[in-house]
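Have the 3D view open as you read.

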Amino acid sequence: MKLDILICNTMEMVYLLPFGVINIGSLYAFDNDGVVMKNKFLVEAFQTPNRVSKKLRNYFEPLPIDPYIDGNFRFRAYSTYSLKDNWIKRLPHTSFEQPKDVNKLLGGVVRDYQALDLAIDQEAEFQHLLHSFVDRTRINTDKAIIAVHQIRVISSKDHLGTPAPEGVHRDGNEFVGIYCVTRKNIIGGFTQLFSSPGERPHMYTVLEENQFIILDDKRYYHYVSETIANEEGKKGVRDVFVFTA
Ligand SMILES: [Fe+2]
């Protein structure tokens, strides 16, 4: 089937848009009869109600330190889920591993993180995030496994927090979602999307609390720059959920 019109690539506009409800990712293709063919999801960012981060914030306090990264600045838990009968259920706990070509820092290392607190599965706000990820990406829910990484990165005035020590990267999945629960006492932590490493980013923005960005991991590389505490003696905190499928 021949493509007559492609309407896409409005990414440059992202610099000009305030970060709110934006949908910059729809790719429309028309056949010879002018019929719209199936869209391909690229990227979407949106804002959830404030109560979502408020409800989930406390689950980050007891997170254990990430033993696979030097510097004692990252805290982490990991669980996987699948969708059954419109309810997203936790799967048996597994370790986490990425290929070496995807993660040059920790690729090939089997990482055994603690599971997310079981009680979080019953929170409507957490289910809302999982459903948002599933709905936007339209992943095949019969087969898809959704991994949830719960991550805290701390910083001080003297010590940077490094949310993405592996640099500009892909996660090695079909889709990636990043949802910000807390940004407290920090500057930096800019979320960036790239077509390829080395190019200037298509998107360069702060993911504020309650903001969710979901992207096609095969289409875009991503990176989050370092954070630093904004005041002497204060602990800088950035808490996020990262969803992959
Ligand atoms: Fe990532």
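In helix α2, the buried residues are Phe126, Leu129, Phe133, Val134 and Thr137; buried means that 20 or more other C-beta atoms, placed from the backbone, lie within 10 Å of a residue's own, while exposed means 12 or fewer and partly exposed is in between. Because these residues cover an arc of only 130° around the axis, they sit on the same side of α2 (the arc is taken from the directions from the helix axis to the C-beta atoms). The face turned away from that buried side carries the exposed Ala124 and Asp135.

A quick word on the ground rules. This is a predicted model, in which local features need pLDDT of at least 70 and side-chain atom pairs count only at pLDDT 80 or more, while totals for chains, interfaces and linings use all residues. Residues are numbered from 1 along each chain as its sequence is written. Helices (H or I, at least four residues) and strands (E, at least two) are DSSP runs, numbered from the N terminus.

What do the buried residues of α2 pack against? Their partners are α1 (50-56) and the strands β5 (74-84), β7 (146-155), β8 (175-184), β12 (211-216) and β15 (236-244), with contact meaning C-beta atoms, placed from the backbone, within 7 Å. After α2 comes arginine 138, with a positive phi near 55°.

Now turn to the open sheet, where 3 strands run in the order β11-β10-β13 with antiparallel pairing; strands pair if DSSP finds at least two bridges between them. Its edge strands, β11 (203-206) and β13 (221-224), each pair on one side only. β10 (residues 190-194) joins β13 over 4 bridges, and leucine 193 stands opposite histidine 222 in β13.

Note on methods
Contact = placed C-beta atoms within 7 Å.
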